[in-house]
Structures are given as structure tokens and as C-alpha cells.
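Visitor: I would like to learn how to read strands and chain contacts. Could you show me?

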There are 4 protein chains.
Amino acid sequence: MTGDNPKHVDQVKVTPGDGIAKLVSKLGGTGFNAKRVAEACEVLHDMVCDADCTKIMTLAGAMVPAGMRAIISDFISNGFVDVLVTTGANLTHDVIEALGCHHLQGSQAADDRSLLEHGTNRIYDVFMPNESYETLEDFIQDLIFDKEMPLVDFLDFLGREMERLAPGNVQDSIIRNCHLKGVPIFCPAFTDCGLGVQLMLNHRGLKLDMFHDLDRFITMAWDMENVGVFIVGGGVPKNFTFQALQFSPNSATRAVQVTMDRPEPGGLSGASLDEAISWGKVNPDAAHVTVVCDATIFLPLALAYLLDLQDGSMDGE
Amino acid sequence: MTGDNPKHVDQVKVTPGDGIAKLVSKLGGTGFNAKRVAEACEVLHDMVCDADCTKIMTLAGAMVPAGMRAIISDFISNGFVDVLVTTGANLTHDVIEALGCHHLQGSQAADDRSLLEHGTNRIYDVFMPNESYETLEDFIQDLIFDKEMPLVDFLDFLGREMERLAPGNVQDSIIRNCHLKGVPIFCPAFTDCGLGVQLMLNHRGLKLDMFHDLDRFITMAWDMENVGVFIVGGGVPKNFTFQALQFSPNSATRAVQVTMDRPEPGGLSGASLDEAISWGKVNPDAAHVTVVCDATIFLPLALAYLLDLQDGSMDGE
Amino acid sequence: MTGDNPKHVDQVKVTPGDGIAKLVSKLGGTGFNAKRVAEACEVLHDMVCDADCTKIMTLAGAMVPAGMRAIISDFISNGFVDVLVTTGANLTHDVIEALGCHHLQGSQAADDRSLLEHGTNRIYDVFMPNESYETLEDFIQDLIFDKEMPLVDFLDFLGREMERLAPGNVQDSIIRNCHLKGVPIFCPAFTDCGLGVQLMLNHRGLKLDMFHDLDRFITMAWDMENVGVFIVGGGVPKNFTFQALQFSPNSATRAVQVTMDRPEPGGLSGASLDEAISWGKVNPDAAHVTVVCDATIFLPLALAYLLDLQDGSMDGE
Amino acid sequence: MTGDNPKHVDQVKVTPGDGIAKLVSKLGGTGFNAKRVAEACEVLHDMVCDADCTKIMTLAGAMVPAGMRAIISDFISNGFVDVLVTTGANLTHDVIEALGCHHLQGSQAADDRSLLEHGTNRIYDVFMPNESYETLEDFIQDLIFDKEMPLVDFLDFLGREMERLAPGNVQDSIIRNCHLKGVPIFCPAFTDCGLGVQLMLNHRGLKLDMFHDLDRFITMAWDMENVGVFIVGGGVPKNFTFQALQFSPNSATRAVQVTMDRPEPGGLSGASLDEAISWGKVNPDAAHVTVVCDATIFLPLALAYLLDLQDGSMDGE
């Protein structure tokens, strides 16, 4: 370990006008989470440049309320994602923004009793008015669709319909861009979100056969010989993705996770990627990096890094 | 604030032979998380003593692999839980123990590549041999049941069948004890667990209509006028439960959560119970306590506290 | 690794009337932090029972405001500590309680602007009135002592004087009990506390030669052939203790740390005890356990465990 | 609260070639820690642009081993810091780099027993060979200085001597640049570092009167009418700085802290800046922001932001 010529830690210098890709690259010479930001960006770049690699992004946490909707959409539009596995909340908030409703910059110190009286829901330091749910309900009521559709197909249908129906920002919709790029969306806990509740309440008789989506996802995983996984925030999307790799002969050849959770309490969200090797979820030879960082800080950096490299902004350096 | 005669912080004294209930009660006079352990136990005790209170327990994290199976079962057997909302993993591991398989005390520093070669899966410092999944598969294959059953009914059926079929420890099974006590089990992300995968793979044609369970759960929530919520570890079970309270006219009158997650990254697992007030999930007048603690430490203390009080061990003190 | 017959994870059962030692022992059969609570208590017990072992306790975090003063005092009175290394704050708050002032049970949600107006200082959910500092100042002003005394001797002198001078609870004073038991107190960042500030302001010309205490501590460490370290909360006390072991030929033969910090951000407070092995601070063969838990929860459990075993409460079980 | 027209959350768009200042500014429209990164950078910029503001930087955590030495130096060289309060470790590692020794990029998964045998010390994922300490000892032995010097003067002297004596990278030395810019360095726990130990061991008879530095620091704080505090990582440097503001009539008019610690366990490192208002450490009207982020990620972003703005890279946008 100590005999293989470890590299010196760079005492990184920052210069005015450094672009993001340049700054992130410099961090590769450091230690702690700065180094991991750079390593994670590099692994993501390798995934993106490897034409044979199926890129799965998993999404947990209130990313859309926190302002990450367009960032995630641009990951998709730029071809950096082939399959999306997400919580229902991110889909719900994506539709809400498409309908012209907005999340508001609030404060985590707000008086929640007063917010309740004003019909305002708090997500840490972000507010969302109750009217958003009413607008969502109207939209859902007006949808006409085949009640036999599996969820993965319904979400694709929703992406197609959104432009026609939604008066808000559709261009940066995650669901819309997944539809346009042919990226299937899996949402294993779909009944755990406002979109799911409204569909159930307003389209009585609708069935939601989750075994269909599970089957489709595991079948897909079975065929992926080269899989890169980008895990944002843990939760069910992480576990569902890893489970498919566990039950298939394949395992991730590259893996990046960004989370604030840690291994010690034993939950899967904070579990190390090394642990995933024991399960056959991550390949023993896979490049894998965990960044302990709020995803809202890492995601913009990672996207900017990928776009800069794609754009050739780093050329000649 | 400072004018309303705040209590002195007790410099708590511990004496040999203190029972758990006595020690926990003493902590009520302190500060930080020690105080919250005591407050949380008190709120749980109030819930248990209030005959009109519907008690929902939500369960996330690998509680069964960590040795909390009998503790959770005893919460149920003793009538401290009326409804269980859980991740699929805890159900899967519960069945695995019922089938006579065991989780093993391992080390988080184990070499995961070597574990992979030995067919051993790691969950932080706990190991689980691959054979457990094979045993689970055999059990699932042999099950004969009505393919139209909603999940909540299937889980009750499983509790009934377990005694007949499983050669291992059935007595402390969470699923079994829920069946015996008439406690319905909701598992909103059931496709995200080994039990779900095995059912799908071995009973082709089986449907899993999750809208049925959602409907059942929201209808139940609609009728609960007095709800106490005990949240272990966040995740989908926490959100699913709170979502039902949000969409019903009711809100929790008492709430306890134990978690290592924190509010700052904005995810629901770490969200404060105050935030839940703004959504109408927790009543503005509810007694509510968050304990920042590994659930494996808190759960045994809380159960011992409740049993001690029930047993009258604190009498005369 | 998997061939050496790992133990089954016990699905621990709690019974009414379990004492703390019994409950903690049961947790030894589980996983995650529950298991570590038991392992840590065992290592502490081994330290206490080993007559040749010098037991160093390091103390960071606002333990006295949080109500842990008598617990820590009883660790000392019972002979469970031979050397104390602490932050100045715990000494300051110890004197304040000895002077008859109290910390108050408050709320972390208090309005800090209003507290400021009321002369009340907040420590998370504990309040301390400004008068405490005034009382402290009066006490300090009245002290008559040799201005040449090294800090470690001054703190011993303070322990002797406290009974004579302080009208409050002296019996449970950490400083007092250290004096009575001949336990030296080292406080490497003594200027970083109210006691230090008041001494400097009220006894002009007083010197505080910290090299003296460093020399004394390193010399002591040089002579300790068998050292057990109990680290509560990291910080300077942890580093100062480990530094002495690094610069001496000895290293800890047993080590327990309880902290909420984690290794990933690279700070020493959260550094693993394995890392300390590379430095020669902890012996490669040492029994060592890190419990990720609020110290206010662990300390009462650990003391109760040790007292129960000492008392023989576990006899015949 | 909800009536004062809260701003919409921006769904931030990243474009190729975005400079750091531009990206960070965009994050100001989001939520969670992304928003706080932007707010913190803005407050730092305001501090830097306010000629009347005394800017105190406090430094904890192994920032130099992690590769942040030149970044911190550039904060100083660019006039972004007027007073530095730091742990001794950062000074020790700064000297070590000045002496031509290096920290190495290692792995947190290294075998610590093997590292011990190879004389390599681990700091999370960074390695430091034992020879560094030997080189440090030689350097310290050769120093000739007035043994009556207070620590703050000794550290200034060290900055002056470093160029003459040290063969390594002196240009980016924190101590050297503080000397050049007239920035005093306070190190309240100086006996808690290798530099302190080597001085004590090699210059017998040397006194380290820490009351002198405390007096100097409190006197300085007494005269600062407009104080901005930038807290990196908590610990003694944070507390020592706030203590001086508590005991002086002044309080911070601007405050930024970046830390991975949280308030719940009650330690000062994770204490909120609101709590500091109750103590009179932070002004009730102060702009103050806490970023929950590894400092190794935040520091490069913050420096790049300040340099970009200084450079006018944002002009015309």
C-alpha cells in the first residue's frame, strides 16, 4: 500500500476565471470529499463517453423543490442518462412546475403553525402552496388514458401529454425530457406521492400492477452487460436498482453515489459501495466513488463539468 | 420564554439496580438527546395508554438483520401497534428468520471481494449467506394462494401460513404476530425487496395492485380521529403514512421519530416533525419528539420502558 | 472471514424488570450501534477491572449543561477514571453548578433575539442565565492562590477550595471529585472557557504556562505501560491524549469512543480508532470500539452497566 | 411570513463555460445547501468589500493535509482575512510542507497495521510519513529565538524565518503569508500539535503563557466595531473567537460557517449561528449563513467566487 508510490497531495491553487471543469479537475489532487467530487465527476465522464454503457440515474430527496429540475433534465437531454429510477415526489413536483406552479424560497425557521393557516407546505427552506395540489388534481382529472397501461408506460405517456396540456415550464420537465429521449422512468414507490394519490382518487378502477414494472426492470438489467449507476440520495431508487443487479448476472461496472447518509446506522441509503460488492451489485473491478455532500451542491458541479468537457472548454489546457 | 419558570437541568444520578424505566425517567430532567429519549418514551406510553388512539408504527432500516425482530414483534404482541407500515426488506428478513436461516455477526471492515466469493452478503456489520435467498425461494414456490389478493391481505395470509410452513423461529415473527393481533401491514414499496422479487419470479401472472393498498390505507386514515405515529428511520414508510394524514382531515395527535438523518439536506427522512405541522400531517397541538439516535439503541430502551411500566416495576418509586 | 464460524445475530428479547447491565449485555448479540454499546461497555468494564490499567477519560461537548455532571463525577468517584482530559467549558459549568447556579431546560426552537434581551444564553435546548457568569466572576475574584501554580495544580487546588467556598452542589462536582480521588485534570485549551477568561481578567499578572502541563502529561504517558482511553466527543481532549501516546513508546491497549462525528470530513473528532493504529496511538492488538451515539445517551447506560456489575446485580443470571 | 412575496425557487440552468462565480450566483435562486453556498459566498464578498470590517477566519480540521493550504494562503494574500484563529495541526502541517515534505494521496481503506509498520500515519484518505516529524524536529531545534515571546509573536517570527530556513514550498505557506500581510495568528490549543510538542521538547525552559494571547485577542475584539467571522469547521477556534465577542461589547455583524457538524448533539462545533445571537456573539441583525458541507468542497468554490468577482470576470453579465 505504501510501496506503490502514492501521489503527493496537491495544495490546489484557484485562479480567477477557472471554469468548473478546471476547478473540479484540480480537486482531484487533494483529499477528503474535494478529491471525491473530482473522482466522481471523472467516473461520470467515463460513463458518458462509453457508448456501450447503460447509464442508470437514481433520484431521491426533494430535488425539484430545491431547484434541481432543469439540472436533472439537462442530464437527460444531453444523453447522460439511459434509465431513470426515482421517488414519486420528484415526478409530482416536476408536473407541478410544468403546470405553472412554483416552489418558493422560504426559511427553515418559519413558524409551521402559521404556514398551516396560510395553506403553505414546508420542505426544509422551500415553501409550496396548497393550490399546487389543486392544480395537479385538475390536470389529473382531465387526463384520458388507457387504464391498463403499466406505470412505466403511463409515465412515458405523461411526458408526451405534458406539452399539450401543461401551461408552465414544460421544456425543463424531467418527465417530458425522458419521453423525448426514450429514457424509461421507474418509480417503485409510486403510491407514495401526490401524483399517485390523485390518480387513485380521480380514476377509480385504475390498477397499478407494480409487478409489471419490476419484471420489466429486472429483464432490462438482465440484458445490461455494462452498467453505470449514478445514485443521488439513496432510498428506494438505490435499493431497487441494486436489487435488479443482484438478481441478474450483471453488476455495475461504474458507480457514483452522492449522499449525506453514512454507513454506521446500517441503512441502505448510507451503505458504502464496497458493501454492494459483496452482494454482486457492484463489480469488484468497478470504479466507484461515494461523495458525502448535499446533492444540490454536487449536481450542478457535475453537470457543469460534463458540459464543459463536452464543449471542449478545457481544450488546450 | 424565560419568564415561565423553566425547570432546572437535573444532574442525573444513576444507582446500581436502576431498571430501564427508572433510568429513562431520570433522563427526562436532562438536555440534548438524553432528554428526548425520555420524552419520546413518555409520548409512546401515552399513546399506549390511550384506548382511543390508533397507533401506527413505521419501519425503515435493516432492523431484522440488526437483531430487532423480537423487539418489534413484542411491540406488536403487547398491543403497542395497531397498523404497521414497513419497507419490504424487514418483511423479507423476517420470513428468512422464520425459515430457520440466520443473520450473522460480522464486521464492517470485512473484505467485500472475499465475501462475494464466499456467497455472503454484508449489511454494515451483519452478514447474510446467499442460501437464505434460496430457502426463501423454495418457500415462496410452495405457497398456494389466491392471486387476486391485495398485498395487505397477502401479508396477513403469510402470517397465518408461516406457522404451518416455516421450521425456524415463528414465534417472534413480525408478520406472524401482526396476523395474530389483527395488525394490518402496509408495504408501499413491496417490489423493492427479495420477497417481492421471488413472488414475481415464481408466481407468473400475479398482479400487485398497489392502488388497492393505497386506497385502503387512506380510507383507514380518514377514519382515525386520534392517531399516534411512531416513526423508526424515515423512508417511504414515514412519507406514506404522513401522506395519508395530509390527504385526510386528520393529523397525528402524537408523534415520535427516531432517526440519524437530519433536516439540512432537505430529504423527508430527516425532516423535522414541526415541518409536518405545516402540511397538516402532525397536529399543531400534538406532543412530538425527534430522537437523533440509532434505532437499534432506542428500540430496546423504549420497549423495556413500556414493559416496565406495564408490569408495575416502577410502582412505589 | 466467513469460515471462522461467525455467531448468529440474536433477535434480542427484552423482559420487564431487566436491569441496565442485563439489557446492555443482551445487545451484545445484535448488530449496528446496539452491538457497539454492549462492546464498548464490556471494554470499559475490562479497563475498570484491570488494576494495572491507567484509565484516561477525555471529555468534549457541553456535558455539564446537558445534565451529565453527576454521571461523570460518579465515574471518577468509583475509580473508573485515573486521568481526566477535558475542555474548559465542562470545568466552567462544573464550577457554576458548585456555586449554586443552574442550567435550565429550554428549547432549541427558542427565539434567540428574545433570549438575548433576557440575558439568557442558549446551548441547544439548555438555557444559562448571564448571572451565572457574574457569580463565577465573584468566586474567581475571591480566590487567593500561588500565581506560579501550573494549571493542573491550580485545578486540583480548585477542587480543594470548592467545598469551602461554593454554596451549591459540591458533592457532585467533577473538579472536587478529581481532587478527592487524586485524578489530575488536564485542560489543553484552558483559555477557551469562561473560567480561563475570568482568571485572566481578575488576576492580572497570572501566567498560564501550558508547556508545563504538556510536559507533565507527556511524561505521564511515557510511564503508562497499560493505558485505556475512554473518549467522549472528540475535540482537543481526544487529540491531546492521542498525541501523548504518539510521542511516547506506549499506545492504548483499550479504547472506546462515543461520538456523533464521522470519518468522512477528515477531522480528528470523527476519525476512526483504526486510523489511530497507524499513528501508534492505539495498539494494533487493542480492543477498541466506536459508538456513534449522543454521549448523553451512552454515558448513563455505561455508568449504570459498570455499577450494576460492581454491585453484583447480574449475579446468578 | 407567507405574505411577503417569497421568491420562486429557480430551476437553475448550467451552461458550458460557466465560471465559478456565475454558477454560485445561480445557486442563490435554489434551496437547501446549494442556496446556502451562494448566500455564504455573498456574505463573504460583502465582508471583503467592506473596508471597515475586521475579518476573522477560524480554521479547524486537517485542511492542509487535505490540500487546502494554498487556498487558505490565497484567502490571506488577497486580503480576505485580517485575523486567523486556528488549530495547531494546520500550523504544523503548514510548516511540514514548507520544509519540503509532502502529504500523500492514500486511501481510507488502507490497513492501518501495515501503515504502522511502514511508518506512515493516516488522516482519513491522506498519508503522512513519519519522516515529516523528524524533519520538523530538525527545523525546530535550529530555531533561535527570544524565549519570552508570546505565541502570537512567535508565529509571526516563524513566518519571517520560514523563507530563510525552509527548502520546500514557502510561497503558499499560511504562516508565511500571515506574516507578510500582518495577519496575527492565534492558536488557543497550541500544546495540542506537533509544532508545540517539538518546541517544548527541544527548547527546555520555554514558557507558553496562553493568558497573554487570550488578553491580546480579547483586547483586539474589544476594539473591533465591525467584525465578520468566517468559521471553517468549528472546534476551539470557533469557540475562542465567539468567546471574545461574548466578553466584549461587540458582536459579529456578518458570520459564515461551513461544517458537517449539526446542532442536535449540543456541541459548539455544530451549534447554529442563531444560538450565538443569544450569547451576544453574533449580532441580531447580522447576515449569517451555515453551510452543511465538507470544507474542502466549499473553500475552493468560495475563493474562486471572490477572485472572479475581484477580477471582474462577471462583468457584463
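Predicted model: local features only at pLDDT ≥ 70, side-chain atom pairs only at ≥ 80, totals over all residues.

Visitor: What is the order of strands in the open sheet of chain A?

Guide: Strands (E, at least two residues) and helices (H or I, at least four) are DSSP runs, numbered from the N terminus; two strands pair if DSSP finds at least two bridges between them. Here six strands run β6-β2-β1-β7-β8-β9 in chain A, with parallel pairing. At the edges, β6 (185-186) and β9 (282-292) of chain A each pair on one side only. Six bridges join β1 (residues 54-59) and β7 (residues 227-232) of chain A, and A:Thr54 stands opposite A:Val227.

Visitor: Which residue takes a positive phi in the hairpin of β4(C) and β5(C)?

Guide: C:Tyr124 does, near 50°, and two residues lie between the strands. The pairing is antiparallel over four bridges, with C:Met128 as the partner of C:Asn121.

Visitor: How many residues does each of chains B and C bring to the contact?

Guide: Counting residues whose C-beta atoms, placed from the backbone, lie within 7 Å, chain B brings 62 and chain C 63. On the side of chain B, α13(B) gives the most, with nine residues.

Definitions and conventions:
Residues numbered from 1 in each chain as written. Chains lettered and ligands numbered in written order. Contact = placed C-beta atoms within 7 Å.
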